[in-house]
Amino acid sequence: MKKYLAGIITVIVGILMLAGCGGGGEKPPVANGNVRVMIALPGHVATTSRSISEIKKGRVTVAGAGMTTLTADAAVDIANKSVTVMVPEVKPGNDREVTFDGLDAAGNILYTGSTKVTVTTGQTVDANITATPTNSTVNIDIIVHEGTPTLVVDTPPAFGSTADLTGKITGGVNPANYVVAVFSHGTDGKWRNKPTYASYMTYPDNLGAWSTDITTGGDDQNAPEFLVFLVPVETYTDIPNFYSNSLAPTVASAVDQVQIPRPAQ
């Protein structure tokens, strides 16, 4: 009788142990990893390429065998020609393909690039991509330039307006070889970079048109005047950034400049 009871107890304990192990066949879920995607955007690579200033949205996808494809939006830093975005919870594995697409306002892919990485459990892996222009979205414009590089600044918005300051580049130049630097003369008497201290350059499109946000803080909508410089890309370091001074800025390598007031009220 005692042996019989001992056998029953042994069977019950064995069943409980199997139940505690989840049936003996299941494995605990595998922890995922992260992919930090760092994209470098080229400068103006050719006259037939769309300007990087036309990129309005970045999209990153991570795909691979045995995993669900992940998609993340990425903010594009045009001034620094870069994009950085973290894609979390990527299933570990080899040959995870990371792709970046730079899209215009209509959703067309202007710039793209990809690389493959190995994702490890609980780790963050870097995916470095250099984006290049796509052939399918290239617009070819024939532009005849005559004369010298000229900066045109349209009449500034009225006092109180939050509209952008706009203009164009004309003359015997390729607009892709130049940047525009805009400074706003604030109501406190100080000149400042626009749109911001960090993003202090505006890239024209392939027809030479440019647009700069001049209301990014404070009493910007009532700034009485603006100073705009046309600067060759290769000497952009001459442009003073993080500028906040009562003295008007200067740019030694500027090929043209325009100082223009808001229209009178």
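Asp 101 is buried, at a relative accessible area of 10% (buried means under 20%, exposed over 50% and partly exposed in between, with a 1.4 Å probe and protein chains only). This is a predicted model, where local features need pLDDT of at least 70 and side-chain atom pairs count only at pLDDT 80 or more, while totals for chains, interfaces and linings use all residues. Residues are numbered from 1 along each chain as its sequence is written, and side-chain values use heavy atoms, leaving out hydrogens and water.

So what does Asp 101 pair with? Its salt-bridge partner is Arg 59, with the closest N and O atoms 3.2 Å apart (a salt bridge is a side-chain nitrogen of Lys or Arg within 4 Å of a carboxyl oxygen of Asp or Glu). Because Arg 59 sits in strand E2 and Asp 101 in strand E6 (residues 93-103), the pair ties together parts that are 42 residues apart in sequence. Strands here are DSSP runs of at least two residues, numbered from the N terminus. Arg 59, for its part, is partly exposed at 28% relative accessibility.

Strand E2 turns up again in another pair. Lys 57 forms a salt bridge with Asp 73, and their closest N and O atoms are 3.7 Å apart. Here strand E2 (residues 57-63) is linked to strand E3 (residues 70-74), with the two residues 16 apart. Asp 73 is exposed, at 54%, and Lys 57 is partly exposed, at 39%. Further along, Asp 188 and Arg 192 meet in a salt bridge at 2.7 Å, N to O. Asp 188 is partly exposed at 46%, and so is Arg 192 at 23%. The count of salt bridges comes to five.

Leaving aside neighbours within four places in sequence, Val 35 is in contact (heavy atoms within 4.5 Å) with residues including Val 85, Val 98, Val 117 and Ala 127.

Methods. Helix = DSSP H or I, 4+ residues; strand = E, 2+ residues; numbered from the N terminus.
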